[in-house]
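Biologist: Please take me through one part of this chain closely. Start with the overall layout, so that I can find my way there.

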Amino acid sequence: MTIRRMDLLPFLVGGGVILIFPIAVAANQPSPWLPVGLLGCAAALVVVFAYLDGPAVTFTVDPARVVVGNTFVRYEVPRSRITGFATAEYLSLRMVLDDGRKISVRVWEPAMLSVSSIRPGTADARMRPVVELVERTPAGPGPGGPVLRRPRVGNILLATAPVAAALVLIAVS
């Protein structure tokens, strides 16, 4: 089972930018290709970050492991290594491991909003689906094993692509 961060705000922002871009291009016809290209890169950057701060953040539980897919880092944790969850003054949710390490679970945080705006009741309500998912999914037998931490290369490349395209446009002009 997987939980994705599906807050509405990133989709509204990204959708608004997608709608504004063609209107801005049409309003400036005929226009030089550099400003239009840079405007397109800016629009793409907003849409990409709306995706990266929204549905790209996941929390997956299966009988053998828990996979925490934060924006740019992915953790694979054996189920037997998890001892619980903790909030840091209602500002973040951390998965606590048997060796004392804590892994941030970003799917808990609201997308594109300050986590400092979360009140205790809201924090508990946002934490409940994460904890219930771990409790509901039966743990399979198996040894602990190491916690794997890997960069999410696709997300990193996706985040840098609009910036790189803008730099190429500027260099070519």
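This is a predicted model: local features need pLDDT of at least 70, side-chain atom pairs count only at pLDDT 80 or more; totals for chains, interfaces and linings use all residues.

Modeller: A term comes before the tour.

The chain holds four helices and eight strands. Read from the N terminus, the order is β-α-α-β-β-β-β-β-β-α-β-α. Of its 173 residues, 35% count as buried. Now take the contacts between residues at least 6 apart in sequence: 63% of them join residues at least 24 apart. The accessible surface is about 9,700 Å², and carbon and sulfur atoms account for 67% of that.

Now the part for a close look: a pair of helices. Helix α2 covers residues 33-52, and helix α4 covers residues 153-172. How are two packed helices described? The angle between their axes and the distance between the axes are used. For α2 and α4 the angle is about 170°, and the axes are 9 Å apart. Roughly antiparallel calls for an angle over 145 degrees. So α2 is roughly antiparallel to α4.

Which residues touch? On α2 they are W33, L34, G37, L38, C41, A44, L45, V48, F49, Y51 and L52. On α4 they are N155, L158, A159, P162, V163, A165, A166, L169, I170 and V172. Sort this contact by class and you get 19 nonpolar residues, two polar and no charged ones.

T71 lies in the loop between β3 and β4. T71 and L52 are 19 residues apart in sequence, yet their C-alpha atoms are 6.0 Å apart in space. Beyond its sequence neighbours within four places, T71 is in contact with L52, V57, R106, R152 and N155. L52 and N155 also take part in the contact between α2 and α4. Is T71 buried or exposed? Its relative accessibility is 8%, so T71 counts as buried.

Leaving out neighbours within four places in sequence, M95 is in contact with F59, V66, V68, V77, I82, G84, F85, R101, K102, I103 and V105.

Technical notes: Residues are numbered from 1 along each chain as its sequence is written. Side-chain values use heavy atoms; hydrogens and water are left out. Contact means heavy atoms within 4.5 Å. Axes are lines fitted to C-alpha atoms, for helices over the stretch in contact, and angles run from 0 to 180 degrees between N-to-C directions. Helices (H or I, at least four residues) and strands (E, at least two) are DSSP runs, numbered from the N terminus. Angles under 35 degrees count as roughly parallel, over 145 as roughly antiparallel, 65 to 115 as roughly perpendicular and the rest as oblique. Ala, Val, Leu, Ile, Met, Phe, Trp, Tyr, Cys and Pro count as nonpolar, Asp, Glu, Lys and Arg as charged, and the others, Gly among them, as polar. Buried means under 20% relative accessible area, exposed over 50%, partly exposed in between (1.4 Å probe, protein chains only). Accessible areas come from the Shrake-Rupley method with a 1.4 Å probe; for residues, only the protein chains shown count as cover.
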